[in-house]
Amino acid sequence: MRPHESPEMTLRVAGSTDPQLLATSLVKNEEEGKRVVLQCIGVAPISQALKAVALANGQVAPNGFVFTATPTFATVRFPDRDTQELVERVAIRLFISRKSL
């Protein structure tokens, strides 16, 4: 990390993630100066992540800014639940940034 960069917080989003709780986390991490990345594998997590961004925007818009989400692809590796073998999946990573109104 370079001296002028904010620390990065990667939040893994599931289809069961509560969008309101995730929105609150986005706002709190922004207040702490952290750069947030939402990592999603599958359609349902992407939907929950985008709902959270919209809800967070409702909270911060009165302060003169909104969040934007820039999507990228990433390959992630993790142990399979059943076999514990390392598996690879393609994830969508949403880089959250702040945009003035």
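Is the crossing of α1 and α2 right-handed or left-handed? Some notes to get you started.

1. First, the ground rules. This is a predicted model, where local features need pLDDT of at least 70 and side-chain atom pairs count only at pLDDT 80 or more, while totals for chains, interfaces and linings use all residues. Residues are numbered from 1 along each chain as its sequence is written, and side-chain values use heavy atoms, leaving out hydrogens and water.

2. On confidence: pLDDT is the predictor's confidence in each residue, from 0 to 100. The chain averages 94, with 95% of its residues at 70 or more. Helices (H or I, at least four residues) and strands (E, at least two) are DSSP runs, numbered from the N terminus.

3. Now the helix pair. The axes (lines fitted to C-alpha atoms, for helices over the stretch in contact, with angles from 0 to 180 degrees between N-to-C directions) of α1 (residues 19–31) and α2 (residues 43–60) come within 8 Å and cross at roughly 55 degrees. That makes α1 oblique to α2, as angles under 35 degrees count as roughly parallel, over 145 as roughly antiparallel, 65 to 115 as roughly perpendicular and the rest as oblique. The crossing is right-handed, meaning the near helix is turned clockwise from the far one by less than a right angle.

4. Finally, salt bridges (a side-chain nitrogen of Lys or Arg within 4 Å of a carboxyl oxygen of Asp or Glu): the structure holds 4. One joins Glu 8 and Arg 93, at 3.5 Å, N to O. This pair links distant parts of the chain, with Glu 8 in strand β1 and Arg 93 in strand β4 (residues 86–100), 85 residues apart.
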